[in-house]
Amino acid sequence: MATVKELLQTVGRGENAIDRLDGECLLSHCLGKPRAWLFTWPDAVVEAATVARFRQLQQARRDGQPLAYLLGRQAFWSLNLAVNQHTLAPRADTELLVRWALQLPLPATARVLELGTGSGAIALALAHERTGWRITATDCSAKALQVARGNAASLGLDRVSFLRSDWFEQVPLEPCNLLLSNPPYIAVNDPHLRGDGVRHEPVTALVSGADGMDALRLLAGGASRYLLRGGWLLLEHGHTQGEAVRWLLRAAGFDGVETRSDLAGRERVSGGISA
């Protein structure tokens, strides 16, 4: 056995060293206590079984397992979402996509379609903020949809509809006011795929062809059929892809094409209006 203080002192040292904040999150998870409890009760004795579990998770984090997978949860927008190896861990950057969508002048009962929902993060954030929107979210992975449906149920957002579809393939042709997506946009040989955490996430949710643009091309080229006139298309993309995505949107006939940047000033989401 060991105390809370002793366990935290080992987090940043030795061959199992990990980020201090990650270690605090993992220990609070193992104990079933909030992080603040760790500092309120540093001399509390931790049972041997819990110590062993903490060491196991510490090693998994050191090996590159995403913290969200080890905790089984990820905060996004104002929500706390379940995630696992079948979904991406939602990124804070994607909140820009949600923020832009909420700023659009859409009707109170807008019809919204999200493609590639994963854990349901985007669709559920929108549903939480806009109770009258009729939202359908799709994914090609049945296991990802199981996670998304579970999140919807736990958050009381059952009015979001989920559909298994490979992009547009199974989506009914019912034009909507807003279509949005955070598709895969990493090139197949991009070295970032070997980075911390990313190498453990589902490849199909990350990689999109030789240049990372395959899904973005498909979405930009096919979205007009699913949008009402004056409807919006919003696409998240890599920070070097803004110019290429704007070109795709204009080539597909969208008006008012623009790109918004994240807090670091990197181009992150592009969108346009269906003519």
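How many disulfides does the structure hold? The structure holds zero disulfides, a disulfide being a pair of cysteine sulfur atoms within 2.5 Å. This is a predicted model, in which local features need pLDDT of at least 70 and side-chain atom pairs count only at pLDDT 80 or more, while totals for chains, interfaces and linings use all residues. Residues are numbered from 1 along each chain as its sequence is written, and side-chain values use heavy atoms, with hydrogens and water left out.

View 1. Cys 30 counts as buried at 19% relative accessibility, where buried means under 20% relative accessible area with a 1.4 Å probe and protein chains only. For Cys 176, the closest cysteine sulfur is in Cys 140, 19 Å away and so too far for a bond, and Cys 176 is also counted as buried, at 1%.

**View 2. Helix H2 and its start.** Helices here are DSSP runs (H or I, at least four residues), and strands are runs of E with at least two, numbered from the N terminus. At the start of H2, a side-chain oxygen of Asp 19 reaches to within 2.9 Å of the backbone nitrogen of Leu 21. The buried residues of H2 include Cys 25, Leu 26 and Cys 30, and H2 is followed by Gly 32, whose phi is positive, near 70°.

**View 3. Helix H4 and what covers it.** Among the buried residues of H4 are Val 51, Phe 54 and Leu 57, and what covers the buried residues includes strand E1, helix H1 and helix H2. H4 is followed by Gly 64, with a positive phi near 105°.

Definitions and conventions. Buried < 20%, exposed > 50% of the residue type's maximum accessible area, 1.4 Å probe, protein only. Contact = heavy atoms within 4.5 Å. Polar contact = N/O pair within 3.5 Å; in protein donor to acceptor, adjacent residues only side chain to side chain.
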